Amino acid sequence: MKTLLFGTAGVPRCSPGTSTISGLETLKKIKLDCLEVEFVQRVSLGEETARKVRKKAEELGLPLSVHAPYYINLNSHDPEKLIASRKRLIDAAKAAFLLGATEVVFHPGFYQGDSPDRTFGKIKDELAMILEEISSQGIFLSLRPETTGKHNQFGSLEETLRLVREVPRLKPCLDFAHLHARRGYHGKEDFLKDLERVGEVLGGGSLKDLHVHVSGINYSKSGEVNHLNFSDSDFPFDKLLEAFFSLEVSGRVICESPNLERDARLLKKRWREIVKINPQD
Ligand SMILES: [Zn+2]
């Protein structure tokens, strides 16, 4: 049985309220399956609120993941920024734990003029330390470094897979829109190639536990510029879904298009069509 869950990065636009609880109720109503809680600038979540959100998510059967704040650079040369980056990731892990979320997505950092190898080593050491810190607090969950969209940013597919392979308790977050901005997907074969590479480096089990970000995307020579709705973009999302189907992947697909739930629902609708015309189970 192939299982893909579809959800949004943050509270759906059509939600009557801006709270996460309102977002969860809306997601249920519009028949989406999961939510990524976004901590854009900093982690701001009281214990009481976290408890309520967790209860609501469990009640509605909507699994949660967390996106750590964007301002994380584990290769920063500025000691203060480095300390703040560690704290943001640790705070996101603590919040995820309180929310009952099992996945924490984050952007690892920038090269800052360092070689890719040196950057890799630094980020790897930082993550090992951060994981030790959070597990010493009794928090065990998956940290998921994301494939990033800019060429000056650490996080190509190969870098991400190598990091995940070398640091225990990391799993990847595959942002296919970012990878598209880096080097362009033209058809199903391109997606199959990357997904097969994930299986090759991390083992076949990794394809049964994927965490994916998608959206349309605007890009230039230096990579990602900004996210777009699918209708304004050349990102071939239907080919990605066909590749998921061929490889029988499972996991969560989080939509980051500006219209959030509209493209998430489009993905789910298209996915159901693909499953329907290819009955296998
Ligand atoms: Zn992200």
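This is a predicted model: local features need pLDDT of at least 70, side-chain atom pairs count only at pLDDT 80 or more; totals for chains, interfaces and linings use all residues.
Eight strands build an open sheet, in the order E5-E4-E3-E2-E1-E10-E7-E6. Their pairing is parallel. E5 and strand E6 (174-175) stand at the edges. Each has a single partner strand, so one side of each is left without a neighbour in the sheet.

Strand E10 lies between E1 and E7 in this order. The strand spans residues 251-255 and is mostly covered, with 5 of its 5 residues buried. Strand E1 (residues 4-9) runs parallel to E10, and 5 bridges join the two. Within this pairing, Leu 5 stands opposite Arg 252 of E10. On the E7 side, 5 bridges join E10 to strand E7 (residues 210-214), again in parallel. Here Leu 210 has Gly 251 as its bridge partner in E10. His 211 is partnered with Arg 252.

Strand E8 (residues 216-220) pairs with E9 over 5 bridges in the antiparallel sense. E8 and E9 form a hairpin, with 2 residues between them. Ser 220 has Gly 223 in E9 as its bridge partner.

The model also holds a zinc ion. Its protein donors are His 67 (NE2), His 107 (NE2) and two OE atoms of Glu 146. These donors lie 2.1 to 2.6 Å from the ion. Along the chain they follow the spacing H-x39-H-x38-E. The site links distant parts of the chain: His 67 and Glu 146 are 79 residues apart. His 67 belongs to strand E3 (residues 64-67). Glu 146 sits in the loop between strand E5 (142-145) and helix H5 (157-166). Both residues are buried.

The geometry of the site is irregular, because the 4 donor atoms subtend angles of 54 to 151 degrees around the zinc ion. A tetrahedral arrangement would need all angles to lie between 85 and 135 degrees.

Pockets were examined next. Rolling a probe the size of a water molecule over the atoms shows where empty space is left. The largest pocket contains about 920 Å³ of space. Its lining comprises 45 residues. Glu 38, Phe 39, Val 40, His 67 and Tyr 70 lie nearest the centre of the pocket.

Several elements contribute to the lining of the largest pocket. Strand E2 (34-38), helix H2 (47-60), helix H3 (79-99) and strand E9 (223-228) each supply at least two residues. H3 gives the largest share, with 5 residues. By class, the lining has 17 nonpolar, 18 polar and 10 charged residues.

The second largest pocket has a volume of about 170 Å³. Its lining includes Ile 30, Lys 31 and Leu 32. Arg 265, Leu 266, Lys 268, Lys 269 and Arg 272 line this pocket as well. By class, 3 of the lining residues are nonpolar, none is polar and 5 are charged.

Some single residues were also noted. Arg 169 has a positive phi of about 75 degrees, although it is not a glycine. Arg 169 is located in the loop between H5 and E6. This residue is partly exposed, with a relative accessible area of 33%. Glu 248 likewise has a positive phi, near 50 degrees, and is a residue other than glycine. Its place is the loop between helix H8 (237-246) and E10. Glu 248 is partly exposed, with a relative accessible area of 36%.

Glu 58 belongs to helix H2. At a relative accessible area of 52%, Glu 58 is exposed, because the cut-off for that class is over 50%. Glu 58 and Gly 100 are 42 residues apart in sequence. In space, their C-alpha atoms are 8.8 Å apart.

Notes. Residues are numbered from 1 along each chain as its sequence is written. Side-chain values use heavy atoms; hydrogens and water are left out. Donors are N, O and S atoms within 2.8 Å of the metal (3.2 Å for Na, K and Ca); water is not among the atoms, so sites may look incomplete. Four donors count as tetrahedral if all angles lie between 85 and 135 degrees; four count as square planar and six as octahedral if opposite donors are over 155 degrees apart and all others between 65 and 115; anything else is irregular. Helices (H or I, at least four residues) and strands (E, at least two) are DSSP runs, numbered from the N terminus. Buried means under 20% relative accessible area, exposed over 50%, partly exposed in between (1.4 Å probe, protein chains only). On a 1 Å grid over the protein atoms alone, a cavity is a set of points where a 1.4 Å probe fits but cannot get out, and a pocket is an open set with protein on both sides within 12 Å along at least five of seven lines; lining residues have an atom within 4 Å of a point. Grid points are joined across faces, edges and corners, and a volume is the space filled by probe spheres set on the points. Ala, Val, Leu, Ile, Met, Phe, Trp, Tyr, Cys and Pro count as nonpolar, Asp, Glu, Lys and Arg as charged, and the others, Gly among them, as polar. Two strands pair if DSSP finds at least two bridges between them.
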